[in-house]
Amino acid sequence: MRLPILTLTAMAALFVAADASAQTYDPRYPVCMHVYTPGGFGGGGGDYFDCSFTSLPQCRATASGRSASCDVNPYYRFDQPPQQPRRRHKKQY
């Protein structure tokens, strides 16, 4: 009886401890800056994305002198037509 309970507890702990991958890209901006953070003596380095840029030159100016690179946002839709207000139709009774 103990073995199934321990197995289920271990499986539940693995699912709870797993990283949740959220969307890191802002779909409203076409350019993202990928910033690399160094790991110190005890490790802990990582990276993150800053998707708040409207052009590559703007991103490159911000990334200058940092350990970062600019990339095209993979979630940005370049073929978006300008949004127009929807027309409302009156119901006739």
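Student: Leaving aside neighbours within four places in sequence, which residues is A63 in contact with?

Tutor: The model is a predicted one. In this model, contact requires heavy atoms within 4.5 Å. With neighbours up to four places away in sequence left out, the residues in contact with A63 are M33, A68 and C70.

Student: Which residues make up the largest nonpolar core?

Tutor: A63 belongs to this core, which has 7 residues in all. The complete set is V31, M33, V35, F53, C59, A63 and C70.

Student: Which element supplies the largest share of this core?

Tutor: Strand β1 and helix α2 (56-63) each supply at least two of the core residues. The largest share is 3 residues, and the element supplying them is β1.

Student: Is V31 buried or exposed?

Tutor: V31 is part of strand β1, which covers residues 31-37. A residue counts as buried under 20% relative accessible area. The relative accessibility of V31 is 5%, so V31 counts as buried.

Student: How far apart in space are V31 and C59, C-alpha to C-alpha?

Tutor: Both residues belong to the largest nonpolar core, and C59 is among the residues that V31 touches. In sequence they are 28 residues apart. In space, their C-alpha to C-alpha separation is 7.2 Å.

Student: In what order do the elements of the protein run from the N terminus?

Tutor: The protein has 2 helices and 3 strands. Read from the N terminus on, their order is α-β-β-α-β.

Student: What percentage of the residues of the protein count as buried?

Tutor: The protein has 93 residues. The share of them that counts as buried is 14%.

How values were computed:
Residues numbered from 1 in each chain as written. Predicted model: local features only at pLDDT ≥ 70, side-chain atom pairs only at ≥ 80, totals over all residues. Heavy atoms only, no water. Helix = DSSP H or I, 4+ residues; strand = E, 2+ residues; numbered from the N terminus. Buried < 20%, exposed > 50% of the residue type's maximum accessible area, 1.4 Å probe, protein only. Core = buried A, V, L, I, M, F, W, Y, C linked by side-chain atoms within 4.5 Å.
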